[in-house]
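Biologist: I would like to learn how to read the features of a fold, one at a time. Could you take me through this one?

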Amino acid sequence: MTSICIITGSTLGGAEYVADHINEVLTDQGFEVELFNQAQLSDIEGKSHLIVVTSTHGAGELPENIQPLFADLAESSADFSSMKFGVIGLGSSDYDTFCNAVNLVEDALKAKGATQVCESLRIDVVNNFDHDSSAEEWLPAFVENL
């Protein structure tokens, strides 16, 4: 059975809701899923499949609840070359830093050797009001490349 780890970066809860939905969909499809809303480096070390669901906060930054994980990741000597990952981002196109947290996540994981298996999903909350459906439609692109 394929195991998938989901972590969230969320300020107001939108990313957590999407992650909860993805968790349910994957579980219904027979995957073993772990979900972390306050992930630490030890939660993702040794994982072979990772989905990061994050909003963009402030001036294009990661939300506060996920910043410590990515700070620890940057300073660690961990090798994530056996990890495959995908990213779902939520943001507002009203800002010039639209979904920049997605870029930060992609860069950080690739720097540690992880492989991005599909194009990241960038959900524009200004004109997309069904975040769960958008994420669910993206999911096969991730799953098919595991």
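Modeller: Let us begin with contacts, meaning heavy atoms within 4.5 Å: among those in the chain between residues at least 6 apart in sequence, 78% join residues at least 24 apart. Please keep in mind that this is a predicted model, where local features need pLDDT of at least 70, side-chain atom pairs count only at pLDDT 80 or more, and totals for chains, interfaces and linings use all residues. Residues are numbered from 1 along each chain as its sequence is written, and side-chain values use heavy atoms, with hydrogens and water left out.

Biologist: Which residues touch the most other members of the largest nonpolar core?

Modeller: A nonpolar core is a set of buried Ala, Val, Leu, Ile, Met, Phe, Trp, Tyr and Cys residues joined through side-chain atoms within 4.5 Å, where buried means under 20% relative accessible area with a 1.4 Å probe, protein chains only. Here the largest such core has 24 residues, and Ile7, Ile44, Leu50, Leu69, Phe70, Phe80 and Leu109 touch the most other members. Leaving aside its neighbours within four places in sequence, Phe80 is in contact with residues including Leu41, Ile44 and Leu73. Apart from this core lies another, of 22 residues, among them Ala15, Ile88, Leu121 and Leu139.

Biologist: What share of the 146 residues in the chain is buried?

Modeller: Buried residues make up 48% of them.

Biologist: How should I picture the overall extent of the chain?

Modeller: Taken along the principal axes, the C-alpha atoms fill a box of roughly 35 × 35 × 25 Å.

Notes
Buried means under 20% relative accessible area, exposed over 50%, partly exposed in between (1.4 Å probe, protein chains only).
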